[in-house]
Amino acid sequence: MSESMSLPISIEAKGGITVIRFDRPETQNALTAEMLATISDALVLGERDGRNKAFVMVGSPGVFSVGNDLRELIQFADEGRIDESIVRFLKTLATIEKPLIAAVDGLAMGIGAAILLHCDYVVASEWSSFESNCVELGLIPTGAATLLGARVMGYQRAFEFLVLGERFDVERAYQAGIVNRIVPADDVERAALAVARKLAGRSMESAGMTRRLMRGDRREVLARIDQEIAQILNRLRSPVARDTLVAYMRKTN
């Protein structure tokens with residue numbers, strides 16, 4: 001079943017796999033709160049659907065996502081708030097029980113990079129790159145990246161990635177454990193779907209239990225998301241943070 005939406009997110013459920021596609025290439029797939037709400041809904045529906053065995057997140061050719069929409073973040077700074085849809089998305093991402101696979105071609109930045117820390121398998125093209133620009137924006141990483149980053153990469157590499165904001169090329173991301181497999185750009189989505197189909201052919205009970213045991217208690221992850229959001233909210237309410245966001249947006253436009 002394919003679902004057409006007015007938002008730049010498309011959802012296709014077919015053959016036991018739900019494909020969630022970012023389709024806003026004119027902004028390098030900057031993610032708005034409304035887009036994240038749509039993704040959350042798709043994840044919840046896929047969790048409830050017994051026919052669905054796995055999720056695949058796909059960006060556009062040339063870019064996965066540059067993260068949160070900067071204009072929207074500046075608006076949140078002006079209003080002194082964070083949209084609840086963002087928090088819901090992060091917590092849904094952290095608690096889904098079915099495997100999540102990402103197909104990355106190009107840049108994954110900010111929340112776009114944080115998503116990958118929740119994925120079970122990441123396929124990336126040879127020229128993909130990964131960056132956490134949150135500190136440069138005057139904010140902090142989100143999605144429990146301050147917890148999961150160190151678990152996945154080790155503390156020193158996570159510090160380089162999250163605090164220094166160093167951009168990792170795909171080889172460095174592979175070495176750091178963010179990426180499972182590197183393929184040519186034309187093969188990224190095909191390879192990710194092949195992994196999803198392989199999972200769909202497994203015993204979902206056995207695979208699900210193994211995954212749960214490997215991932216451990218999610219309460220710590222959810223608590224860290226709350227802690228990060230509280231700190232981000234404090235930063236957004238600071239005039240200095242707003243100025244930093246505006247300066248960054250001007251620099252990148």
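**Close-up 1. Asn52 and Thr18 meet through their side chains.** In this predicted model, a polar contact of 2.7 Å links the side chain of Asn52 to that of Thr18. The Asn52 side chain also reaches toward Gly46, coming to 3.3 Å from its backbone oxygen. To find Asn52, look in the loop that runs between helix H1 (33-48) and strand S4 (54-58). With a relative accessibility of 4%, Asn52 counts as buried. Set aside the neighbours within four places in sequence, and Asn52 is in contact with Gly16, Ile17, Thr18, Gly46 and Lys98.

**Close-up 2. Asn29 has a positive phi.** Here's a residue other than glycine with phi near 55°. Asn29 sits in the loop between strand S3 (17-22) and H1. Is Asn29 buried or exposed? Its relative accessibility is 0%, so Asn29 counts as buried.

**Close-up 3. Ala144 also has a positive phi.** Ala144 isn't a glycine either, yet its phi is about 65°. The loop to look at this time is the one between strand S9 (129-131) and helix H5 (145-153). Ala144 has a relative accessible area of 0%, so it is buried.

**Close-up 4. A cavity lies inside the model.** How many cavities of 30 Å³ or more are there? The count comes to 1, and the space in the largest cavity is about 70 Å³. Its lining is made up of Gly110, Ile111, Ala113, Ala114, Leu117, Ser132, Cys134, Pro141, Thr142, Ala145, Phe161 and Leu162. Two elements, helix H4 (111-116) and helix H6 (155-163), each give two or more residues to that lining. H4 gives the most, with 3 residues.

**Close-up 5. Ile178 is buried in a loop.** Follow the chain from helix H7 (170-176) toward strand S11 (181-183), and Ile178 turns up in the loop between them. The relative accessible area of Ile178 is 6%, which is why it counts as buried. Which residues does Ile178 touch, leaving aside neighbours within four places in sequence? Its contacts are Leu116, Val122, Val152, Met153, Phe168 and Ala173. Take Phe168: it is 10 residues from Ile178 in sequence, and their C-alpha atoms are 10.0 Å apart in space.

**Close-up 6. Val183 and Glu126 come together from separate parts of the chain.** These two are 57 residues apart along the chain, but 6.0 Å separates their C-alpha atoms. Val183 belongs to strand S11 and is buried, with a relative accessible area of 4%. Beyond the neighbours within four places in sequence, Val183 is in contact with Val123, Ala124, Ser125, Glu126, Val188 and Ala191.

**Close-up 7. Residues 1-5 have pLDDT under 50.** Across the protein, pLDDT averages 94, and 97% of the residues score at least 70. Residues 1-5 are another story: pLDDT stays under 50 there. For this stretch, the model has 7 contacts beyond four places in sequence.

Technical notes: Residues are numbered from 1 along each chain as its sequence is written. This is a predicted model: local features need pLDDT of at least 70, side-chain atom pairs count only at pLDDT 80 or more; totals for chains, interfaces and linings use all residues. Side-chain values use heavy atoms; hydrogens and water are left out. Helices (H or I, at least four residues) and strands (E, at least two) are DSSP runs, numbered from the N terminus. Buried means under 20% relative accessible area, exposed over 50%, partly exposed in between (1.4 Å probe, protein chains only). A polar contact is a pair of N or O atoms within 3.5 Å; within protein, one must be able to donate a hydrogen and the other to accept it, and residues adjacent in sequence count only if both atoms are side-chain atoms. Contact means heavy atoms within 4.5 Å. On a 1 Å grid over the protein atoms alone, a cavity is a set of points where a 1.4 Å probe fits but cannot get out, and a pocket is an open set with protein on both sides within 12 Å along at least five of seven lines; lining residues have an atom within 4 Å of a point. Grid points are joined across faces, edges and corners, and a volume is the space filled by probe spheres set on the points. pLDDT is the predictor's confidence in each residue, from 0 to 100.
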